Amino acid sequence: MSDFTKYIVGLIQATPDYENLRIETKRNLRDGVFDYFISCYASVKYDPNFQNVLNTAIYSSLDKAAVVGTEWKVHPFDACLINGYSAHALDLDDVHSEIRGHPSAVILSLLLSLFEEKKDMNSFYQAYLIGVEFMTRCAKLLGTEHYEKGFHTTATAGVYGAVAAGAHYLKFSADKMAQALNLCVSKISGSRSQFGTMIKPLHAGLAAQNAWQVLHFVKNNVTGSENTILSENGLLSMYEENKKDPWLLFEKWGESWAIDTPGLWFKLYPCCSANAHVIDAVKDIKRKHSFAADEVASVDLFFPPKGDAALVHTSPENGEQGRFSAEYCTALLLLERELSIENFTVDSISEEVQDVMQRIKRNYDGNIPIREDSYPKGRYCIAEIILKNGQKFVSRVDAPTGSPANPLEFEDLLNKASNLLGNEAEKLINIFSAEVVSFGKLL
C-alpha cells in the first residue's frame, strides 16, 4: 500500500507561493480573514459566555499570543481555544458547503497562535489557502454520511486543515509534515449532539488547540504510525461509510482552490447557515404580502430529505438552541422581530414566539425536483404560509443570500462590520480596505 500521507505532503509543498496566486484568490483569502476578525470582535462585544471561556486559560507563561478583539495576551495553546470559540460563538463566521463546517474559525485561530513565531504575512495567507483546501478534501473524503451520523466536521476535518496550514507556515520538512498529519487521527472529535450549546463553538477552539498540540509534539520528536489515513484501523476504516477512491479526491490540486470554487459562505445573521434558505423564503413572502402573525393558520416548510440535518431543534427552549431551529427563525420573522444577536442569546423563548412555532411544520419530499442552481447542491426550502382566511403564499429558495451562488460583496462585509461593531469597526475597515493588508496591528 502506497503512503497516502506522503503523497498529500507532496501536493501541499508544491502549492504556489502567495505572490503567484490570482488576484481573485488573494481577495477571497483577505475576505475570509476580515470576516473572521469581525466575528471575533462581535463575540467579545456581545457573547455572554466569552468571559467564561477566557477564564479557562491555564498557562501563565509565554503569554505572547493575542486574544482577538482584546488587549489580552495568552499562551498560544490557550489562544487557539479562546479565538476558535470566539470566531464561532455567535455563528456569524464563514461556512464552506463542501466541508459542511466552519474552516476559518479553526484554521485562522491556529495560524494566529503561531504568528509571533514567524511574522510573514504572505506565508500566513498561503498557509490559510492550504488549510481550507485540505480541510475541504478531507471532508469530502469522509463524506456526507460522516456529518449525518452526528460528527461535527468543523472538529474532525478541521484538525487536518489546521495542522496542514500550521506545518506549512512553520516550514516543516516533508517528513515532519507527514508525521503531523499522521497524528491527527488521534486528536479528532466533535458531536452534533452539542448543537445549541456553547460547546458547539468550543469545538472550533478545541480543534485549533488539538492542531497546535500536534505541531508541538512533532517539533519535540513525539511521533506515531505512518500512513494513518489509509492504513488498517486508520481514519478511513473508522470514519468513512461509503468507500471512495482517496487518490481521486486529491487530484488536480491547485487547479481550482476551494477558497475560490465554490468559495466561502459569509453570513449576515447569527444562526446556522442551514436556516438561510428558510429565512430568505419567509422574508420573500413577508416582503410581497402584508399580514400579521396572528392571521397565520399554518406554515409548512419543505426540505429535501436530510436537507435540514443541522437544524436539530424543532422546539427550542432558548436563543442558543434557536440558532439551529427553522421554527424559531420563521416565528421571529412572522412576528416582525429582528434576527439579532439579542434574540439568539435569550435565556427563554417567549410565549408569543412559542405560539407561532407550534403552527410550523417541516416536510420532506424526495420527489420535488432539484434545481441546477441550488446551493448547496440538492438543497432548497419551500415555505408555504396559509392564513386563517384561506389565502396561501408560497416561496421557494434554492440559492440563499451569502452563499457562493448568491454571494455577499466586500461592501457587504464592510457593512456587516459597521452594523455589528459601530465605531470599533473603523480600525478593521481601514486595515482590510488597504491595498496591502497587514492585520498584525490588530494583534
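The residues that line the second largest cavity divide into eight nonpolar, three polar and two charged. In this classification Ala, Val, Leu, Ile, Met, Phe, Trp, Tyr, Cys and Pro count as nonpolar, Asp, Glu, Lys and Arg as charged, and the others, Gly among them, as polar. The model is a predicted one, where local features need pLDDT of at least 70 and side-chain atom pairs count only at pLDDT 80 or more, while totals for chains, interfaces and linings use all residues. Residues are numbered from 1 along each chain as its sequence is written, and side-chain values use heavy atoms, with hydrogens and water left out.

Let us stay with the cavities for a moment. On a 1 Å grid over the protein atoms alone, a cavity is a set of points where a 1.4 Å probe fits but cannot get out; a pocket is an open set with protein on both sides within 12 Å along at least five of seven lines, and lining residues have an atom within 4 Å of a point. Grid points are joined across faces, edges and corners, and a volume is the space filled by probe spheres set on the points. By this rule there are four cavities of 30 Å³ or more. The largest cavity holds about 210 Å³. Its lining is made of 20 residues, of which Val95, Arg100, Tyr147, Ser273 and Ala310 lie nearest the centre; by class, this lining has 10 nonpolar, seven polar and three charged residues.

The largest pocket has about 490 Å³ of space. Two elements give two or more residues to its lining, namely helix H6 (121-142) and helix H7 (144-148); helices here are DSSP runs of H or I with at least four residues, strands are runs of E with at least two, and both are numbered from the N terminus. H7 has the largest share of this lining, with four residues. In total 23 residues line the largest pocket, and Ser97, Glu98, Arg100, Thr144 and Lys377 lie nearest its centre. The pocket lining has eight nonpolar, six polar and nine charged residues.

The second largest pocket, of about 380 Å³, has 19 lining residues, with Leu268, Tyr269, Glu338, Leu339 and Ser340 nearest its centre. Helix H18 (residues 410-421) gives the most to this lining, with five residues.

Next, the packed interior. In soluble globular proteins, nonpolar side chains tend to be buried together. A nonpolar core is a set of buried Ala, Val, Leu, Ile, Met, Phe, Trp, Tyr and Cys residues joined through side-chain atoms within 4.5 Å, where buried means under 20% relative accessible area, exposed over 50% and partly exposed in between (1.4 Å probe, protein chains only). The largest such core has 100 residues, and those with the most contacts inside it are Phe34, Phe37, Leu110, Leu111, Tyr128, Phe432 and Phe439. H6 gives the most to this core, with 14 residues. Apart from it lies another core, of 41 residues, including Leu301, Phe324, Ala326 and Leu332.

The expected span of a helix is 1.5 Å times one less than its number of residues. For the 13 residues of H14 this gives 18 Å, which agrees with the 18 Å between its end C-alpha atoms. H14 is mostly covered, since 10 of its 13 residues are buried, among them Ala276, His277, Asp280 and Lys286. Its cover includes strand S3 (296-303), helix H16 (326-334), strand S5 (381-387) and strand S6 (392-397).

Val185 is in the loop between helix H9 (174-183) and helix H10 (199-219), and counts as buried because its relative accessibility is 16%. Leaving aside neighbours within four places in sequence, Val185 is in contact (heavy atoms within 4.5 Å) with Tyr160, Thr228, Gly234, Leu235 and Met238. Tyr46, in helix H2 (residues 23-46), counts as partly exposed because its relative accessibility is 25%. Tyr46 and Glu342 are 296 residues apart in sequence and 8.4 Å apart in space, C-alpha to C-alpha.
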